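Have the coordinates open and follow along.

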Amino acid sequence: MKRSRINDIMAAADDLIRHHGFVLPPFAYWTPDEFRARKGQAQAIITARMGWDITDYGQGAFDELGLFLFTLRNGRLADLQRGGGMCYAEKLLISRKDQHSPCHTHVIKAEDIINRGGAKLAVRLNGSNPDGSFSETIGGTVYCDGVPRAFKGGEVILLSPGESVTLLPGDWHAFWGEGGDVLIGEVSTVNDDVTDNVFVSKKIGRFSEIEEDVAPTHLLVSDYDRWLA
């Protein structure tokens, strides 16, 4: 993705988030130079990979296959493993109209996906084979706002604003905005986007290659290692 496109997506996402009554934390608006200057006090942000995250999954077609994310807070895997401490994470996401996030599951993370506002959120669900791999035909049961809901393999559920679905490891899911753009909340256990996303397609990559045609307005979480070294 071109950096200029990423900058535009950031600006549009900030407008949509504010439209729905949310405001991002102060570090969201640091310039790259400000981030470098505050690197010492921002180690928790950097280590937890909190911040802007925009991906086309390495396919070069963001409008059709892509996702905007902002990680607001993120806990520590060591705390999750010992069963106490900061075991949670929270994100805001935006799925544009008919913009797909490809089918995937997580090995560790359990998550609530919440429609925070906008159009309906379409979520396609599949179960797992006994070895944990993706199944076209196996269904399962998820909880929608605390109420169990059985699904068939490949079934699509629609979440209106205020509605949510709880997804556990082994629940394969893809999602998109149905009829319009959707602001999504994600509340989960500790989040690790580097290692804990398992996609059905082996061609899918979690992060994008960046073409630096202009300077970044703000850094992506995938920029931290290179820009803040």
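Q: How do you know whether Trp-52 and Phe-68 are buried or exposed?
A: Both Trp-52 and Phe-68 are buried, a label given under 20% relative accessible area, with exposed meaning over 50% and partly exposed in between (1.4 Å probe, protein chains only). Before we go on: this is a predicted model, where local features need pLDDT of at least 70, side-chain atom pairs count only at pLDDT 80 or more, and totals for chains, interfaces and linings use all residues. Residues are numbered from 1 along each chain as its sequence is written, and side-chain values use heavy atoms, with hydrogens and water left out.

Q: What makes the aromatic pair of Trp-52 and Phe-68 edge-to-face?
A: Rings of Phe, Tyr and Trp (its six-membered ring) pair if their centres lie within 6.5 Å; planes under 30 degrees apart are stacked, over 60 edge-to-face, and the rest tilted. For Trp-52 and Phe-68 the centres are 5.9 Å apart and the planes at 70 degrees, so the pair is edge-to-face. Trp-52 sits in strand S1 and Phe-68 in strand S2, 16 residues apart; strands (E, at least two residues) and helices (H or I, at least four) are DSSP runs, numbered from the N terminus.

Q: Why is the pair of Phe-27 and Phe-70 called tilted?
A: Their ring centres are 5.7 Å apart and the planes meet at 35 degrees, so the pair is tilted. Phe-27, at 10% relative accessibility, counts as buried, and Phe-70 is buried at 0%.

Q: Which residues do ring pairs link into a cluster?
A: The cluster joins Phe-27, Trp-30, Phe-35, Trp-52, Phe-68, Phe-70 and Tyr-224.

Q: Which residues touch the most other members of the largest nonpolar core?
A: They are Phe-35, Ile-54 and Phe-68, out of 32 residues. Such a core is a set of buried Ala, Val, Leu, Ile, Met, Phe, Trp, Tyr and Cys residues joined through side-chain atoms within 4.5 Å. Helix H1 (3–19) and strand S2 (67–74) are among the elements that each supply at least two residues of this core, and H1 gives the most, with six.

Q: What makes Arg-206 and Asp-53 a salt bridge?
A: The term asks for a side-chain nitrogen of Lys or Arg within 4 Å of a carboxyl oxygen of Asp or Glu. Here N to O is 2.5 Å, so the pair qualifies. Arg-206 lies in the loop between S11 and H5 and Asp-53 in strand S1, so the pair ties together parts 153 residues apart in sequence. Arg-206 is buried at 10% relative accessible area, and Asp-53 is buried at 3%.

Q: How do you know that Arg-3 forms a salt bridge with Asp-223?
A: The closest N and O atoms of Arg-3 and Asp-223 are 2.8 Å apart, so they meet the rule.
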